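Subject: Handing over a structure, with notes

Hi there,

Here is the structure I promised to pass on to you. Please open it next to this email, and then read on for what was found in it.

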Amino acid sequence: MTYIKDLLKHKGQTVELKGWCAQKRDSKGLVFMTFRDGTGFCQAVISLDVVGEASFDAAKRLPQESSLVIAGKVIRDEKQIGGFEIQVAQLQVLAEAGDYPITPKEHGVDFLMDNRHLWLRSRRQWAIMRVRNRIIFAIHEFFQGKGFVQMDAPIFTGNACEGTSTLFETDYYGEPAYLSQSGQLYGEAMAMAQGLIYTFGPTFRAEKSKTRRHLSEFWMIEPEMAFYDLKMDMDLIEDFVRFVVSKVLDEMKEELKALERDTTYLEKVREPFIRMKYEDAVSVIKGEKEVNGKTSLQMLAHEEAALKNQRAQLETDIAEREKKIASGELKKGEVNFNQARIDKLKNEIKDLDEKLQNIPQWQNSARNFKRGDDFGGSDETVLTKMFGQPVMVYNWPQEVKAFYMKEDETDKGYAKGVDLLAPEGYGEVVGGGERETDIERLKNKIEEHQLPMSAFEWYLDLRKFGNVPHSGFGLGLERLVAWICGLQHIRETIPFPRSYGRLLP
Ligand code: 4AD
Ligand code: MG
């Protein structure tokens, strides 16, 4: 048995492939099948003259997602899906599929989510899961290469880490326990034992709203480093994100192509990231400070004009195709082709309209942002749109950050926290900072945040025994996957997403 991923090594040879029929069309004595085997996609051509009537009829009747074995000659053809065509000499059906619910036509998202267990087979979802896998591998490569020790933090926890409003409570032998919001506090304990550590595990947040950036269950990578200050922390975030994104850019070209990902902005990770204090970032958002000769409000006006222009072009394209179809001069295949293009263009218009609808909201949040507030999604979008590359915002007002953040001694009232914001509207992908080491201040903050002191006694011990400066951060895996793959919504980044209102499949 050969895998599609290895076809290059078998150019001109006859191979046997085992897989599924992803899509199919036929014309006079030929069946063109998009064949997939898990490792990739290729075109299989089944010719009546070669395989004979029985096999040909079987192929022609074969429903989408039936499983089969094919044998045939490997032809390199850059124009075909996956870059190869198999000239099928033999074919054996393993299991004929029933009526497959996901057809090549466009489906609504809710329908696709209900069929997530099948949707995973589509080429786009296949590509996303491959990129996710490569990202996970790159994350381990990066930290293991630097001598970090991976640790597993508990999932059942007795205390909140990131505020009490998003806790999932469970029953733990009659006591309340919470699903972990973050492994950080345990990571801090382990950093005092191992120096450099990272956690990589599931985390849970009860986010009672549907947004394109929030899941109830997501995977977080949280390194924690003894003797690191905020500056070292930011350097590590930058090196880390650059390493992971570069790995995907360099090694996942086929997948990015399948996703039609424009990688212009992603390539910018190879340049130094923008670093700015919260107060300066606010000035940029509010339009008080220009970037490259433009204020935020001017930038948004330009964007609106560009989107409207794009929309008008799509409308023209659709009108032309509709006219051609109406003329009655097209062959059946050409009508189908144009109709499919029209459906796709209409979806593109829907996407543009969504973007256009956002602009007034962005303009409002830019104008009305209150200095001292946390950033919302719109504020992050506006800020990163100004630079078109990753932006690290540091020194945040203490009130908007978690209890464990260290106050900057030279910048009173500000916490030595940092958020990394991804461009193209993806927003916060990393949150981190330097940890408070002063035990009295920590106790005060725990009280201010109305957290139960008793649950934090063990954490305070870390400040009593060999207290050292230390820092860390948390990267949301799914936010990173969404950004790298260029996805509209975080729900496609994880095999079986858990979000408000969704527990099945
Ligand atoms: O900014 P957050 O809340 O920071 C922490 O949890 C710290 N304890 C991390 C640390 O310093 N060790 O979350 C970190 C990241 C965010 O930047 C975001 O990428 C992701 O986790 N994240 C979510 N991803 C998906 N769905 C959600 N509901 C998320 N909430 C946070
Ligand atoms: Mg955060």
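Let me begin with a term: a polar contact is a pair of N or O atoms within 3.5 Å; within protein, one must be able to donate a hydrogen and the other to accept it, and residues adjacent in sequence count only if both atoms are side-chain atoms. With that in mind, look at Gly476, where a backbone N or O atom lies 3.2 Å from an oxygen atom of ligand 1.

Before going further, please note that this is a predicted model, in which local features need pLDDT of at least 70 and side-chain atom pairs count only at pLDDT 80 or more, while totals for chains, interfaces and linings use all residues. Residues are numbered from 1 along each chain as its sequence is written, chains are lettered from A and ligands numbered from 1 in the order in which they are written, and side-chain values use heavy atoms, with hydrogens and water left out.

**Around the ligand**

A nitrogen atom of ligand 1 sits 3.0 Å from a polar backbone atom of Leu215, and a nitrogen atom of ligand 1 is 2.7 Å from an N or O atom in the side chain of Glu222. How much of the ligand does the protein bury? Ligand 1 taken alone exposes 620 Å², and the protein buries 94% of that (accessible areas come from the Shrake-Rupley method with a 1.4 Å probe; for residues, only the protein chains shown count as cover).

The shell consists of 23 residues surrounding ligand 1, and the closest are Glu162, Gln184, Glu222, Glu428 and Val429 (a residue is near a molecule if one of its heavy atoms lies within 4 Å of it). By class, this shell has 8 nonpolar, 7 polar and 8 charged residues. Here Ala, Val, Leu, Ile, Met, Phe, Trp, Tyr, Cys and Pro count as nonpolar, Asp, Glu, Lys and Arg as charged, and the others, Gly among them, as polar.

Which elements give two or more residues to the shell? They are strand S11 (217-226), strand S15 (427-434) and strand S16 (470-476), and the largest share, 5 residues, comes from S15. Helices (H or I, at least four residues) and strands (E, at least two) are DSSP runs, numbered from the N terminus.

**Salt bridges**

Side chains of opposite charge can pair when their charged atoms come close. A search of the whole structure finds 40 salt bridges (a side-chain nitrogen of Lys or Arg within 4 Å of a carboxyl oxygen of Asp or Glu).

One of them links Glu238 and Arg242, with the closest N and O atoms 2.6 Å apart. These two are 4 residues apart in helix H6 (residues 230-251), so about one helical turn separates them. Glu238 is buried, at 7% relative accessible area (buried means under 20%, exposed over 50%, and partly exposed in between, with a 1.4 Å probe and protein chains only). Both residues also belong to a network of salt bridges that links Lys231, Asp235, Glu238, Arg242 and Arg275.

In helix H13 (residues 439-448), Lys443 and Glu440 lie 3 residues apart, about one turn of the helix, and they form a salt bridge at 3.9 Å between the closest N and O atoms. Lys443 is partly exposed at 30%, and Glu440 is partly exposed at 47%.

**Backbone features to look up**

Most residues other than glycine have a negative phi, and most peptide bonds are trans. Phe227 has a positive phi of about 70° although it is not a glycine. Phe227 is in the loop between S11 and H6 and counts as exposed at 57% relative accessibility. Glu424 also has a positive phi, near 60°; Glu424 is in the loop between S14 and S15 and is partly exposed at 26%. Finally, a cis peptide bond joins Leu504 and Pro505, with omega about -5°, and Pro505 lies in the segment after helix H15 (477-485).

Happy exploring!
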